[in-house]
Amino acid sequence: MEGRPATTEDIIICRDVHKWFGDFHVLRGVNMTVKRGEVVVICGPSGSGKSTFIRTINRLEEHQKGDIIVDGIELTNDIRNIHAIREEIGMVFQQFNLFPHLKVIDNITLAPIWVRKWPKDKAEKIAIELLERVGIPEQADKYPGQLSGGQQQRVAIARALAMQPKIMLFDEPTSALDPEMIKEVLDVMIELAQSGMTMIVVTHEMGFAREVANRVFFFDEGNIVEELTAEELKIAIEDPNQAKEERTRLFLSQIL
Amino acid sequence: MTTTAEKPPATEVGVLGWLKKNLFSTWYDALLTIGSLAFIYWVLRGVIEWALVKATFSTEPGICKKARAAAAAAGETAGACWSVVITNIKVFMIGRYPGEEVWRIWASLGIVAVLAALTWWVWRAEAMREKRRWVVIGWLLSFPVITILLRGFSEESRVLPLVPTDLWSGLLLTFVLAIVGIVASFPLGVLLALGRRSTLPALKVFCTMYIELIRGVPLISVLFMSQLLLPIFLPPQMRLGTVLRALVGMTLFSAAYSAENVRGGLAAIPIGQYEAAKAVGLNDVLMMALIILPQAIQKVIPAIVGQFISLFKDTSLVVIIGLLDLLGVAKAVTGQTEYIGLQKEVYLFAALIYFICSYAMSYSSRRLEVAMGVGER
């Protein structure tokens, strides 16, 4: 996992993705391609469809039109494809969604043992390594309810990494956290990004985006309004008026 | 300024403090306390006098009549006469189960006691975690073993001659009905609850209709149906005894209620738990078995145990279809001429047994809640 892989192969391809909630057109033809090892940040006003979009990538939401291809597997209604894709994608949620009836260590080892069929000792060894990586090995035998929000979110990251995914999705990972806990979670995410993980992160943390994002997408009304490269983002953060689109300028000036 | 810790005033701690805080904190509290005590004394005095002070415990024949005559002569009310309970204790416990085969019941109780002790021992220590599965297997095996032990093989068998289920009666029958009913109806209820929440329309409609239908009729009618209709549905060579048919009826009935309790628990699980389970790659079966059901059931333990207690007490309805459970035996005993006028003693004794069992279940449920609630704040 060290360093950027030399390949520029596309690991996620989304072509003309549409989704409706009843009559409401949430995603209106999103096109996005993510390369292996790339870190992509998605931001935009609430209700713009950014969370819905990343949730279509691991089929927590079903898209009704267009193609989504993850690591060469096309997302269709075929349950085998869905499971194959979910095994390659880790996801971190705004509300952590740890399993409250299981200890921290069991939260992390559950999927490796039951899905990957690893022996218990191997799963536990890797779980402890991951807890060390996210900085809380001493919490292994506690229950999620006994941890702070920041610690819970770091356990959630460890749980997702335990399946050794090729891609990590983050759905507003710091939005439910108290300000003093945001940094501890962002530090873990920055370390992960620097290790070469492919990441799609829905967040408004522009500091994080400036530090590790290769590209930033601005969403509004169910589609991408503007795409900025790392360099363009740095300029736009200094002066939001440098952004091309009016809606991006407005949004950036509000959150900065 | 001093920072030494001082003892609280004597009126705030200990027995006096407790009394003052809980019973006499204001003048109307004091009034209520004294009034309640007076009422409790007034009620209990009569009961205790009847059940203990003036009661006869001797089993000498005819002593009850003598005691009553003596009381009438003295112009007092007679006390309880417990001889009816004491002489018939075996009848209450096992009813018509053949006396020479009683060792089989003791053996079954022994198996249960050993398993219970093992369970307690193994669950106490975290280090024994690996052995838990063996205890669970032991419990599962105990069902066929005890069934064979109690029922036997055939009439010719030397080791375990057949005791037809028609002869199972008394508290034994009550326990068999309640335990088998509970153990069989709960998994069925879980399946029905899952079915009712299924996205498959046919399954959902079937489960919903089943649950609503069963919940819409009284247990007695389900018991009658199981007696009368089961023989019609089943092939003629499959003849089920009355006890088995009653068990089928009770299980089907209780399952519908368990299903609704479990469904309540399922509805309380946040959508995020489903999403997290799917996102880590669990399939639907694993998601339900490992993530959703454990949490859902934990949330509704009080309701489920309430359902079990109610099933336990409802076993007394089998009298209607001619089975002699504890209450049936009680009724039969009071019907004998030598025990005329002793209904109070017999029914009070039966009520006491029902209460002890129900309270034991209720108490274990609270312990279970505490044990399973670890990690929840």
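In what order do the four strands of the open sheet in chain A stand? In this predicted model, the order is β2-β1-β4-β5, and the strands pair in the antiparallel sense. The edge positions are held by β2 (24-35) and β5 (73-74) of chain A. Each of these two strands has a single partner, so one side of each is left without a neighbour in the sheet.

Within this sheet, β1(A) is joined to strand β4 of chain A, residues 65-70, by five bridges in an antiparallel arrangement. One position of the pairing can be given by residue: A:H18 has A:K65 of β4(A) as its bridge partner. Strand β1 of chain A covers residues 10-21, and A:F21 is part of that strand. When residues up to four places away in sequence are left aside, A:F21 is in contact with A:V26, A:T52 and A:E61.

The contact between the two chains was examined next. Chain A contributes 26 residues to the contact and chain B contributes 23. About 2,100 Å² is buried between chain B and chain A, and carbon and sulfur atoms account for 62% of this area. On the chain B side, 25% of the area buried against chain A comes from B:E275, B:A279 and B:V280, more than from any other three residues.

One of these residues, B:E275, also takes part in a salt bridge with A:R55, in which the side chains meet at 2.5 Å, N to O. Across the interface of chain B and chain A, one salt bridge is found. Polar contacts across the interface amount to five residue pairs, with both residues at pLDDT 80 or more.

With regard to secondary structure, helices α12 (271-279) and α13 (284-299) of chain B each provide at least two residues of the side of chain B that touches chain A. The largest share of that side, seven residues, is supplied by α12(B). Sorted by class, the side of chain B that touches chain A consists of 10 nonpolar, seven polar and six charged residues.

Terms used:
Residues numbered from 1 in each chain as written. Chains lettered and ligands numbered in written order. Predicted model: local features only at pLDDT ≥ 70, side-chain atom pairs only at ≥ 80, totals over all residues. Heavy atoms only, no water. Contact = heavy atoms within 4.5 Å. Buried area = accessible area lost by both parts, 1.4 Å probe. Salt bridge = Lys/Arg side-chain N within 4 Å of Asp/Glu carboxyl O. Polar contact = N/O pair within 3.5 Å; in protein donor to acceptor, adjacent residues only side chain to side chain. Nonpolar A, V, L, I, M, F, W, Y, C, P; charged D, E, K, R; others polar. Pairing = 2+ DSSP bridges.
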